[in-house]
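Dear colleague,

Please find the sequence and the structure below. A summary of the findings follows them.

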Amino acid sequence: MKTAVLAFHPHLGSGSRVTHRLAQAAQSVDGVSLVNEYQLYPDFHIDVAAEQETLLQADRIVWLFPFYWYSSPALLKQWEDDVLEHGWAYGSDGDRLHGKEFMLAISIGSPAEKYRPEGEFAVAGKDLLTPFRATARLIGVDWQQPFLVHGASFISDEDLEQAAQQFALRLQGPGSETAATPPTTTTAN
Ligand SMILES: Cc1cc2nc3c(=O)[nH]c(=O)nc-3n(C[C@H](O)[C@H](O)[C@H](O)COP(=O)(O)O)c2cc1C
């Protein structure tokens, strides 16, 4: 299976600890190619044809990013606006991504307890992923259980290593999402 991991972190090579480690883990898996989107498009001028070709070549698409303002870094939004074109990704004849597996992999600064209706943020974490899920549905991809690393702002080296190994396992093939979930990693449908 060919997997395209599209990483959207403004400082993947320098300021990132968690996303960087997950990207490294992904690259250790056969069949995975990593795209560092901020490195390619620091000015937000996205090469739509190149990105669409990357998607066409993949059986599984992963968006890897840190959670920013209860959502994604800005470049991912721009990427969606530009790359997921009408008549290509959705709409009549917009079926190019149909049937591909699709997974979110998100580094989330705060712990999972805060992402509950009764928690500090007064909202369930999975509800915050609704726009992504709706997008996945519209473009006809097969939504996989998201890979979430909560408490990323203060994660220990040991827990980060465990999360990285778990991420690599998830990417090793279809069905690996049934593998055990480590304490630092929570998943949501
Ligand atoms: C601009 C910005 C916005 C952020 N917004 C959130 C947020 O809404 N919720 C949250 O839990 N963490 C938030 N964080 C924390 C990041 O999720 C955390 O720093 C990141 O996941 C750590 O991964 P990294 O080491 O790859 O940067 C934010 C961080 C930044 C810089």
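**The ligand and its surroundings**

An oxygen atom of the ligand lies 2.8 Å from a polar backbone atom of Arg17, a polar contact being a pair of N or O atoms within 3.5 Å; within protein, one must be able to donate a hydrogen and the other to accept it, and residues adjacent in sequence count only if both atoms are side-chain atoms. This is a predicted model, in which local features need pLDDT of at least 70 and side-chain atom pairs count only at pLDDT 80 or more, while totals for chains, interfaces and linings use all residues. Residues are numbered from 1 along each chain as its sequence is written, and side-chain values use heavy atoms, with hydrogens and water left out.

For Trp69, a backbone N or O atom is 2.8 Å from a nitrogen atom of the ligand. For Tyr70, a backbone N or O atom is 2.8 Å from an oxygen atom of the ligand. On its own the ligand has 630 Å² of accessible area, of which the protein covers 74%; such areas come from the Shrake-Rupley method with a 1.4 Å probe, and for residues only the protein chains shown count as cover.

Around the ligand there are 17 residues, and His9, Ser16, Thr19, Ser107 and Tyr115 come nearest. A residue is counted as near if one of its heavy atoms lies within 4 Å of the molecule or strand in question. By class, this shell holds nine nonpolar, seven polar and one charged residues. Here Ala, Val, Leu, Ile, Met, Phe, Trp, Tyr, Cys and Pro count as nonpolar, Asp, Glu, Lys and Arg as charged, and the others, Gly among them, as polar.

**The chain as a whole**

The protein chain has seven helices and seven strands, where helices (H or I, at least four residues) and strands (E, at least two) are DSSP runs numbered from the N terminus. Their order along the sequence is β-α-β-α-α-β-α-β-α-α-β-β-α-β. The C-alpha trace spans about 45 × 35 × 35 Å along its principal axes. Of the 189 residues, 49% are buried; buried means under 20% relative accessible area, exposed over 50%, and partly exposed in between (1.4 Å probe, protein chains only). The chain exposes about 9,100 Å², and carbon and sulfur atoms supply 49% of that area.

**Individual residues**

Most residues other than glycine have a negative phi. Tyr70, however, has a positive phi near 60°. Tyr70 belongs to the loop between strand S3 (60-66) and helix H4 (74-83), and its relative accessibility of 37% makes it partly exposed. Phe44 also has a positive phi, of about 70°, although it is not a glycine. Phe44 is found in the loop between helix H2 (37-40) and helix H3 (48-57) and is partly exposed at 27%.

Two buried residues complete the account. Ala58 sits in the loop between H3 and S3, with a relative accessible area of 3%. Apart from neighbours within four places in sequence, Ala58 is in contact (heavy atoms within 4.5 Å) with Lys2, Ala4 and Lys100. Ala58 and Ala4 are 54 residues apart in sequence, yet their C-alpha atoms are 5.8 Å apart. Glu101 is part of strand S4 (residues 101-107) and is buried at 12%. Its contacts beyond four places in sequence include Met1, Asp59, Arg60 and Pro174.

Yours sincerely
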